[in-house]
Amino acid sequence: MPDIVRFFEDRVESTTESLQSALAHVALPSTVDDADLYFEHTLREHYSVEDGMVKKAGQDVSQGVGARIVSGERTGFAFTEEFSPRQIAQALESARRIAQGPGSGRPLALSRPGRPQHNLYPTTDLAFDRPVPDKIGILETIDRLCRQESSKVVQVMASLAFEDKTVQIVRSDGQVVVDRIPLTRLNVSVIAQEGSNRQTGSYGWGGRTDFSGIVSPERLAQACREAVRQALVNLEARPCPSGTMDVVLGPGWPGILLHEAIGHGLEGDFNRKGTSAFSGRIGQRVASPLCTIIDDGTLPGRRGSLNVDDEGTPTQRTVLIENGILRGYLQDRQNARLMGTHSTGNGRRESYAHPVMPRMTNTVMLPGESDPAEVLASLDRGIYAVNFGGGQVDITSGKFVFSMSEAYYVEKGKILHPVKGATLIGNGPDVLTKVRMVGTDMSLDTGVGTCGKDGQSVPVGVGLPTIRVDALTVGGTN
Amino acid sequence: MNVVPSQNLPSKSFEDGEEAIRFILEAARSAGATSADALFISGVEETVGVRKGEIEKVQAAQSRGIGIRVFAGTRQSSVATRDLSPDHLRTLVARAVAMAQHTAEDPYAGLPDRILPPAIDPAKLFPEESHSPSRDELVERALATEKAALSYDPRITNSEGAECSRSHSHIVFGNSLGFLHGYRKSSYALSCSVIATSGDQMERDYWYVTGPLWEKTSDAEGIGKKAASRTVRRLGARRIKTGSYPVIFDPETARSLIGHFAGAVSGSALYRNATYLKGREGTPVMNACMTLREDPFLPGAPGSRPFDGEGLPTRKKTLVDEGVLQTFLFDTYSARKLGRQSTANAVRSLGDGPGVGISNLIVVPGTSSLEDLMKKAGKGLLVTELIGFGVSTVTGDYSRGAFGYWFEDGAILHPVSEITLAGTLDEVYQNIVDRGSDLEIRSSINSPSLLVEGLRIAGD
């Protein structure tokens with residue numbers, strides 16, 4: 001393993017001293033509140049199988065330095081893809097033009113890089129350490145297992161992708177943090193056919209954990225079984241009813257409800273600008289007393305976890321809603337400063353080429369006291385949704401949607417039959433006030449979430465127990 | 001491989017796309033590749049954002065990257081990088097060739113059978129620019145836009161700001177059959193998003209323009225006013241009763257509806273068994289009033305291009321003629337796999353090998369105004385915004401969140417929110433009974449308003 005403290009010193013075309021002297025010329029005006037340089041080198045590798053063949057394999061090298069200057073509400077941002085002191089100083093100079101006033105203040109200082117305080121992911125047993133045929137073999141196994149599950153499977157598409165990201169964050173307050181961040185993601189997607197009825201099923205998983213665990217024979221078998229089971233269930237699915245009805249959400253990934261319905265609305269930038277449906281509502285009741293919701297970037301090995309955020313702030317566990325009362329927002333450094341509070345370690349960016357914004361990490365509803373079976377049994381007429389595709393929210397009006405990929409019609413507490421995928425729509429500020437029961441079975445998703453905001457994608461996680469929500473609008477065709 | 005190696009090897013990073021590609025193709029040959037192709041993209045971008053009359057952000061970007069695909073016989077692999085130094089490129093290409101030894105033999109994989117010149121002189125697709133704006137001009141235009149929006153109506157109470165940007169990119173593609181061509185294009189954009197309040201209801205909407213010339217953004221005041229009027233008219237939204245109603249998709253939402261069709265006619269989806277349109281060539285897939293054309297030569301349109309992602313000359317085609325599906329879209333791979341010819345619909349990005357995609361799609365407009373369409377429908381919903389991902393081109397199921405306006409007798413009565421639309425893509429396309437005259441080329445997919453009969457709406 002390379003010494004990550006020295007990683008960028010070895011790559012920047014000359015010594016730390018010459019970078020230091022190049023930066024010394026970029027004196028920051030006194031109107032500057034914050035400035036940073038974000039060095040990134042990311043190696044990605046990906047494989048995919050379809051039609052029974054691993055036809056695609058590839059690598060992707062992405063590297064650059066993002067320079068950012070923050071002055072009040074203003075942000076200047078530029079980046080370079082060359083690790084040369086001259087180019088880096090030029091990017092900083094370009095970003096600096098946002099700040100008013102003469103450049104008589106302090107120069108950006110480079111101190112000796114330090115490692116983050118906590119360590120949530122492994123640095124050995126990563127996918128990159130394996131020979132290429134091993135990784136291809138994993139996808140061949142997936143293809144075979146899925147086809148063995150059922151003769152109705154007519155297509156198997158699976159992918160394995162992983163990245164090894166090394167970052168160095170140099171802040172104008174003198175802090176320098178380095179981190180090496182692994183991420184692995186697998187996906188199995190099958191098409192099952194019966195006559196002219198064609199349906200899909202999928203299962204994805206991964207995280208910032210050691211590779212052996214992610215691709216163990218048990219894990220592969222479980223993934224294939226789940227993907228095929230879902231496709232076969234969907235072959236039996238009938239048209240979904242439409243209208244307003246009560247819904248039980250299964251544990252895990254359906255936590256995307258939290259992400260869309262309230263998570264985005266609690267991000268610091270929207271609340272500082274007063275454009276969120278949750279603006280100015282700290283201390284008010286926004287959910288039923290059964291709901292306590294946190295954002296936790298410190299869960300070991302999770303897809304949404306980070307040792308430090310992309311501004312070098314250690315991640316933390318932030319209480320957003322406690323027993324139904326709104327307690328806090330998610331902050332990066334700029335929005336925290338403007339709102340007179342501290343960063344919650346939620347300043348994130350897609351890459352060196354993108355500026356920082358407040359973003360979620362792992363957003364989780366804590367378990368309640370109801371037996372999950374009782375939650376389902378309490379449903380008089382409605383939908384039991386156990387799996388979802390993606391979701392979206394309008395943070396200003398609060399309206400959010402998410403789409404079911406596996407769901408059942410329920411009457412008098414009994415599952416009657418599966419229903420076809422449909423969209424659910426609700427109103428973020430009041431949906432959680434309609435949570436009637438919360439199960440004991442909180443589980444985190446399997447490591448599949450990618451959140452998009454303002455054109456930037458970052459990996460996230462969610463967690464949810466079985467819950468019952470009354471009066472959601474179900475977008476079926478019947 | 002018959003590529004001439006470049007003469008003067010620079011020791012520093014490549015700036016010139018053609019030179020970089022020649023070097024890569026030669027490096028691939030040396031490393032044992034039987035054939036290869038490479039895509040070079042470089043770009044300069046500048047974006048300014050203003051909010052409440054002040055500059056909020058200034059972003060400058062200069063980037064370039066290369067995507068490379070190598071073949072070892074019928075096995076392949078691909079690599080991409082932002083580091084264009086010769087040493088790194090040589091190492092990476094060698095790694096790609098080594099990786100390709102392990103992928104599956106695929107008899108259909110490979111470059112196109114032969115090379116042909118680009119279909120059109122790129123200069124005819126992308127107009128010559130008479131003026132490239134300074135940063136101050138971008139700021140001025142964004143400020144003027146936001147100002148017009150904020151002063152439009154007292155109910156406009158907040159702003160997400162206005163943004164103005166310019167980008168200039170250079171795209172070069174080459175392969176070991178000897179194809180090596182490039183083109184440059186510019187894009188300017190101006191957008192504005194504001195917030196209107198009434199009681200405890202808050203609504204946000206936006207408007208934007210984008211195009212190949214700076215002049216496209218000249219009506220700053222008009223764009224600001226349109227953003228504001230779109231926002232204010234959302235206030236007072238309520239739900240409607242669950243039921244089946246006529247629905248008019250406005251040009252923005254019609255674009256998204258037609259976009260799903262572009263995914264379903266892909267040859268890749270066809271050989272994967274992943275489209276509900278399988279087996280439907282030559283049969284009606286839309287109402288007889290619908291004709292859909294692809295035009296890669298629309299001057300200045302965002303999808304215009306002289307050659308596709310594999311270097312094949314692009315061409316115009318009719319996808320749907322009076323409702324009947326004329327052809328699927330193919331790249332070289334999906335065509336070979338199905339015993340067809342490429343339709344020059346390969347699209348290529350740095351990180352991934354070719355896939356199937358469209359250049360510019362146009363729904364041929366009709367003669368009805370929006371008011372005519374509303375009158376024809378009687379009463380129903382005019383949809384102006386769709387959210388969510390509830391669309392499957394495999395099953396054809398369609399279910400999305402929507403915002404719009406309830407109309408009766410040709411007049412809008414009130415805004416409608418927190419509802420969903422659902423059906424199947426097949427039914428929706430077959431039930432498009434009329435289309436408006438309001439076609440405007442704003443994007444790579446372009447449609448007039450479309451009137452769909454009897455769509456399921458879930459509400460109260």
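Trainee: How many residues of domain 2 of chain B are in contact with domain 3 of chain B?
Mentor: 10 residues of domain 2 of chain B touch 7 residues of domain 3 of chain B; contact means that the C-beta atoms, placed from the backbone, lie within 7 Å. This is a predicted model, where local features need pLDDT of at least 70, side-chain atom pairs count only at pLDDT 80 or more, and totals for chains, interfaces and linings use all residues. Residues are numbered from 1 along each chain as its sequence is written, with chains lettered from A and ligands numbered from 1 in the order in which they are written.

Trainee: Where are the domains of chain B?
Mentor: Domain 1 is 17–47 + 60–117, domain 2 is 123–232 and domain 3 is 237–460, with bounds from an automatic or database domain assignment.

Trainee: Switching to the chains, how many residues does each give to the contact?
Mentor: Chain B gives 58 residues and chain A gives 66.

Trainee: Which element gives the most on the chain B side?
Mentor: β2(B), with 9 residues. Strands (E, at least two residues) are DSSP runs, numbered from the N terminus.

Trainee: And how does β2(B) run against strand β3 of chain A?
Mentor: They run parallel, joined by 5 bridges; strands pair if DSSP finds at least two bridges between them. In β2(B), B:A61 is the bridge partner of A:F79.

Technical notes: Contact = placed C-beta atoms within 7 Å. Helix = DSSP H or I, 4+ residues; strand = E, 2+ residues; numbered from the N terminus.
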